[in-house]
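My entries follow in the order I looked things up.

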Amino acid sequence: MEALVVILMGSKADLEHSQKIAAACREYGLEVVLRVGSAHKTPEHVLQILREYEADSRPKVYITVAGRSNALSGFVDAAVAAPVIACPPSSEAFGGADVFSSLRMPSGVAPAVALEPTNAALLAAKILGLVKPDVRAAVQQFQEGQRRTVLDGDRSLTESSNQK
């Protein structure tokens, strides 16, 4: 049974940000679907989308992409049992203050927040890796590559400073 990541954007303006998340998810071997629905403007449509995916028995994670007043993340989290990750697009419009709408949620509503698209994908992969050994292995391989990069950097500095 394939693991699924549902990326739900508040509007098509969030597509570029969402595609970065999708590409990173696919690197972990995750199936990804992209959808558009607004908690403010089309709440019934969002609920319809969620009912569709909640009826699917595959393990899944939702990643919500909405900025400004991010009602989408809380709305989705309150409607599903699966994990939700908020990954709002960066915005200069409010000096970064709009990120607070992703951080502060009412009691009983608990989406995780990852501000970088690749980190949202990594978190989704770590969650789905709990039930999908191949995804877990892909996460471990990525982490090993990260460690190698740091150690190679240290080794090159150590070698160059020892030669002086």
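**Entry: helix 5 against helix 6**

I listed the residues that meet here. From helix 5 come L122, A125, K126 and L128; from helix 6 come V135, V139, F142 and Q143. I sorted this contact by class and got 6 nonpolar, 1 polar and 1 charged. I note that the model is predicted.

Next I looked up the geometry. Helix 5 covers residues 117–128 and helix 6 covers residues 133–162. Their axes come within 8 Å and cross at roughly 135°. How should I class that angle? Roughly antiparallel needs an angle over 145 degrees. The pair is therefore oblique. I also checked the hand of the crossing of helix 5 and helix 6, and it is left-handed.

**Entry: helix 1 against helix 5**

I then turned to the other partner of helix 5 on my list. Helix 1 spans residues 15–27. Helix 1 and helix 5 pack at about 40°, and their axes are 8 Å apart. Roughly parallel would need an angle under 35 degrees. Helix 1 and helix 5 are therefore oblique to each other as well. The crossing of helix 1 and helix 5 is right-handed.

Which residues of helix 1 meet helix 5? I found H17, K20, I21, A24 and C25 on the helix 1 side. On the helix 5 side I found P117, T118 and A121. By class, I have 5 nonpolar, 2 polar and 1 charged residues in this contact.

**Entry: helix 2 against helix 3**

I looked up one more pair. Helix 2 is residues 43–54 and helix 3 is residues 71–79. Their axes come within 11 Å and cross at roughly 45°. Helix 2 and helix 3 are therefore oblique to each other. I logged their crossing as right-handed.

P43, V46, L47 and L50 in helix 2 meet L72, F75, V76 and A79 in helix 3.

**Entry: the largest pocket**

I moved on to open space. The largest pocket holds about 390 Å³. I found 20 residues lining this pocket. Closest to its centre are S11, D14, A66, G67 and R68.

**Entry: the whole chain**

Last, I stepped back to the overall layout. I count 6 helices and 5 strands in the protein chain. In what pattern do they follow one another along the sequence? I read β-α-β-α-β-α-β-α-β-α-α. The pattern ends in α-α. I also took the extent of the C-alpha trace along its principal axes, and it spans about 65 × 45 × 30 Å.

How values were computed:
Residues are numbered from 1 along each chain as its sequence is written. This is a predicted model: local features need pLDDT of at least 70, side-chain atom pairs count only at pLDDT 80 or more; totals for chains, interfaces and linings use all residues. Side-chain values use heavy atoms; hydrogens and water are left out. Axes are lines fitted to C-alpha atoms, for helices over the stretch in contact, and angles run from 0 to 180 degrees between N-to-C directions. Helices (H or I, at least four residues) and strands (E, at least two) are DSSP runs, numbered from the N terminus. Angles under 35 degrees count as roughly parallel, over 145 as roughly antiparallel, 65 to 115 as roughly perpendicular and the rest as oblique. A crossing is left-handed if the near helix is turned anticlockwise from the far one by less than a right angle, and right-handed if clockwise. Contact means heavy atoms within 4.5 Å. Ala, Val, Leu, Ile, Met, Phe, Trp, Tyr, Cys and Pro count as nonpolar, Asp, Glu, Lys and Arg as charged, and the others, Gly among them, as polar. On a 1 Å grid over the protein atoms alone, a cavity is a set of points where a 1.4 Å probe fits but cannot get out, and a pocket is an open set with protein on both sides within 12 Å along at least five of seven lines; lining residues have an atom within 4 Å of a point. Grid points are joined across faces, edges and corners, and a volume is the space filled by probe spheres set on the points.
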